[in-house]
Every structure is written in C-alpha cells, then in structure tokens.
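Trainee: I would like to learn how to read the features of a protein model. Could you take me through one, step by step?

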Amino acid sequence: MSRRPPRGEYIETDTGNKVARKATLVGTQNIMLGGKTVIMPDVMIRGDLIRTIQPSSQSTGGAPPSTTAVSIGRYCFLSRGCCLRPPGRLYKGVFTYMTLRIGDHVFVGPGSVVQAASIGSHVHIGAKVSVGELAIIKDYVRILDGTVVPPNMVIPSFSIVAGQPARLIGEVPEGGHEAFELRNLYKTVGNNPQPAPS
Amino acid sequence: MSSKRHSILPPVSSGPKPPVHFSSSITIADSAVLTGTHPIAIHSESVVHPRARLDSLAGRLTVGRRCVVHERATLGAIGTSGRITEAAVTLGDYVVVEVGAAIEAGETVIGEGTVVGVGARVGAGAVIGKHCTLTPHTEIAAGEVVPDFTVVFSNGMRRTDKRGVAELKNKGLARQIDVLRRMIPSNPAKFA
C-alpha cells in the first residue's frame, strides 16, 4: 500500500490539530476538533455512535439533524491509549447515544476511558481513569490516576477527586489554575517537537 | 461511511484464521480481530464492536445470544497458565464486556446477564454467576467462583444485587443492540 515512507508520525491540520497516524478514529465525519488538539497514537474515538433521536424535533423544523458524536475544544491533549466514546441511555423508552462534549484545555491521561456527557474546560484526567456514562465534569477539575467516576456523577468546579468510586478529596488551591494550561504541552509533540520550557 | 480511505498501516489481524460459526443475525465490525485455531461461535443478535479481540488459540470461544463485546475487549487472552482446554471462554446470553476488559482463556464461564466493566480482568478458569456486575478495573483471580447476583467492586468489596432488575436490564440491552445494528457496519463475510 505505502508508496513512499510516511512523512511523520502526526498529521497536522490547518487549524493546528495534531493527529497521530496510529490513532483509531471511527466515524471521523461525526468528530469535531476545535483546533490545536493533540491526539496521540493508539487513541480511539467512537464517532460512529451518533444520537438516533433528536431533541424537540418539531421546533427545529427543516434544519438538518446534528450528527456530532464527539466534540472537542481547543488545546486538548489525548494521551496514548485513551478511549473516548459517547454515552448511551434509554430516553423515552428508546435507546440513544448522546453527544460527548469536551471543553478547552482538557488533558486525558494514558489508558483512560471517557464516556461522560460533558466535560468543562481546564480539566485534568489522570492515567487509567474510567469516567462512567453520562457523568458531568465542570471546569477546573482534577481527577487523579486510577479513579473510577461512577455513571451520572456530577463533579463541581475546582474539585479534586480520587478513589473507586470517585470521591471529593480536596479543592484546587487558589492560584493553581495555571497548572491546567496546556499550550506548552501542545508544543512538545508533533512532527518537529520543541522541548518543554523548564 | 462514504469517504473510505485506506490506512498505510499493515492490517492488525495476525496469526491463523479461526473457523467461525456465526448466526445470520449478528453484527460484527470490520475491524474486529479474530485469531486462533479453535472454533469461535457467536449466537444470534450479538454485537462485536471495532477492535475487539477474540483469540481462540487456547480453546473454543462461545458467545451467547444478545451479547455486546465492546472495543478493545479481549476474549480468550492467554493468561498465566497458557494451557489449552476444550472450551476457553463461554459467555452466556445478555453478557456485556466493556471497553478494554480482558477475559483469560481456560474454561472461563461468564453467566447470563453479567456486565464486565471497563478495564476489568477475569482470570483463567473463573466462573462468574448470572446477573453479576464487575465494576471498572475489577480483578477476578484465576479459578475463582462468583455466585449469582454479585456486585464486585474494584477495591475488593462485594455485595449481592437485590434490586431484581435483571429482566429490565435485558430489555434495555435488547434496545441498545437494535440501535447498534444500525450504526455498526457489519461484515461477517470477512471472517468466514
């Protein structure tokens, strides 16, 4: 198949997304990337699980149904081996998948599985975390390694959670917001990575 | 599904192609991986997601009716024992194996209606009862017997599920399978 050697490990788009060639993206037409997002090798995103019933179908009229399965904001970082899949549930007696919405500056650690309904901005998810179906994670949340977030859990802003099942163990200290910034991490991967500023 | 681009990567599937016994009503994704030498049987209306791995190198695999095997789940992983048995892994009806879970080979039996959570691991020869729930990242030791209706937590705690919602759960799963059949392009001919 390959006519020439691959030009680099990552595909870099015009909007600054860096997508590894070895990532598995299923149903790419239903995955929205906000820009400057890094998708590392072995990441799996299930874009084929789209919602089957539309909310308030009468009011939308002739508008085309939205088929976005996963929407990701800017400066997100999906580490090696993590998996994003839209959550599913029974709605009015019919099974449907819901859109997985992720804000900006969200870090997902290696080997984590995310099936949340929505994740706010500036969220840090550690390694080997399982985020259950239809969980809602607000802004500035830190989830430590190995946490199991149960289905339908709502995590308030500025909290630190850990444990199996996840419990609130603390708050993000004042002035600790800069640690969530992922602009520098974005520069350290890609086809010509730059070393992280010390 | 119209823009079909071909990957430059070599195909993931490696090793021998196992003999398969598929029901005509199953849904199996194109990128599922089936390897091994022993037969793999999948009964009616079951769903196998992309990149799920079914390995029959250590014995026969049987997947019951209306089961769902999610992506990256492994059935028949060669565990520590590595011995070849008659029936490596047997899944009952209505079994859900979630993302990244691994079920080791060696007379392992999962009972009807059981949910194996995200990233859980079931050791070789373990027998899980009916309608059990293994929460994410649970580890079941090799040869362990888990009674019916047990909920196993990842910190080792256990309790009995007395809610009596087994019937409802099965109904919900049937609805989910109906949706998945329309979403996952099935290609059983590839494995035949």
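Mentor: Gladly! Let's begin with a term: a residue is buried when its relative accessible area is under 20%, exposed when over 50%, and partly exposed in between. Keep in mind that this model is predicted.

Trainee: Thanks. Are A:Tyr75 and A:Tyr186 buried or exposed?

Mentor: Both A:Tyr75 and A:Tyr186 are buried.

Trainee: How do I read a pair of aromatic rings?

Mentor: In general, the distance of the centres and the angle of the planes describe such a pair. Over all chains, this structure holds 6 aromatic pairs. One of them joins A:Tyr75 and A:Tyr186 edge-to-face, with 5.6 Å centre to centre and 85° between the planes. This pair links distant parts of the chain: A:Tyr75 is in the loop between strand 7 (70-74) and strand 8 (77-78) of chain A, while A:Tyr186 is in helix 2 (residues 183-187) of chain A, 111 residues apart.

Trainee: Which charged end sits over the ring of A:Tyr186?

Mentor: That of A:Lys18, 4.1 Å from the ring centre. Elsewhere, A:Tyr140, A:Phe158 and A:Phe180 are linked by ring pairs into a cluster, and A:Arg142 lies over the face of A:Phe180, at 5.0 Å from the ring centre.

Trainee: What about the pair of B:Phe22 and B:Phe191?

Mentor: B:Phe22 and B:Phe191 are edge-to-face, 6.5 Å centre to centre with 75° between the planes. B:Phe22 belongs to strand 1 (residues 20-22) of chain B and B:Phe191 to the segment after helix 1 of chain B, 169 residues apart. With a relative accessible area of 22%, B:Phe22 is partly exposed, whereas B:Phe191, at 7%, is buried.

Trainee: Now the sheets, please. What holds the strands together?

Mentor: Strands of a sheet pair through backbone hydrogen bonds, either parallel or antiparallel. In chain A, 9 strands form an open sheet in the order 1-2-5-8-13-16-19-22-23, with mixed pairing. Its edge strands are strand 1 (10-12) and strand 23 (167-171) of chain A, each pairing on one side only. Within this order, strand 2 (residues 18-20) and strand 5 (residues 38-39) of chain A run parallel, joined by 2 bridges, and A:Lys18 stands opposite A:Val38.

Trainee: Why is one side of strand 3 and of strand 20 of chain A left without a neighbour in the sheet?

Mentor: These strands belong to an open sheet of 6 strands in chain A, ordered 3-6-9-14-17-20, where the pairing is parallel. Strand 3 (24-26) and strand 20 (148-149) stand at the edges and each has a single partner strand, so one side of each has no neighbour in the sheet. Strand 20 pairs with strand 17 (residues 130-131) of chain A over 2 bridges, and A:Ser130 stands opposite A:Val148.

Trainee: And how do I look for empty space?

Mentor: Rolling a probe the size of a water molecule over the atoms shows where empty space is left. The whole structure has 1 cavity of 30 Å³ or more, and the largest cavity holds about 50 Å³ of space. Its lining includes B:His131, B:Phe149 and B:Lys169, and divides into 3 nonpolar, 2 polar and 2 charged residues.

Trainee: How much space lies in the second largest pocket?

Mentor: About 1400 Å³. Of the 44 residues lining the second largest pocket, those closest to its centre include A:Glu133, B:Glu98 and B:Lys169. Helix 1 of chain B gives the most to this lining, with 8 residues.

Notes:
Residues are numbered from 1 along each chain as its sequence is written. Chains are lettered from A and ligands numbered from 1 in the order in which they are written. This is a predicted model: local features need pLDDT of at least 70, side-chain atom pairs count only at pLDDT 80 or more; totals for chains, interfaces and linings use all residues. Side-chain values use heavy atoms; hydrogens and water are left out. Two strands pair if DSSP finds at least two bridges between them. Helices (H or I, at least four residues) and strands (E, at least two) are DSSP runs, numbered from the N terminus. On a 1 Å grid over the protein atoms alone, a cavity is a set of points where a 1.4 Å probe fits but cannot get out, and a pocket is an open set with protein on both sides within 12 Å along at least five of seven lines; lining residues have an atom within 4 Å of a point. Grid points are joined across faces, edges and corners, and a volume is the space filled by probe spheres set on the points. Ala, Val, Leu, Ile, Met, Phe, Trp, Tyr, Cys and Pro count as nonpolar, Asp, Glu, Lys and Arg as charged, and the others, Gly among them, as polar. Rings of Phe, Tyr and Trp (its six-membered ring) pair if their centres lie within 6.5 Å; planes under 30 degrees apart count as stacked, over 60 as edge-to-face and the rest as tilted. Buried means under 20% relative accessible area, exposed over 50%, partly exposed in between (1.4 Å probe, protein chains only). A charge sits over a ring if NZ of Lys or CZ of Arg is within 6 Å of the ring centre and within 35 degrees of the ring normal.
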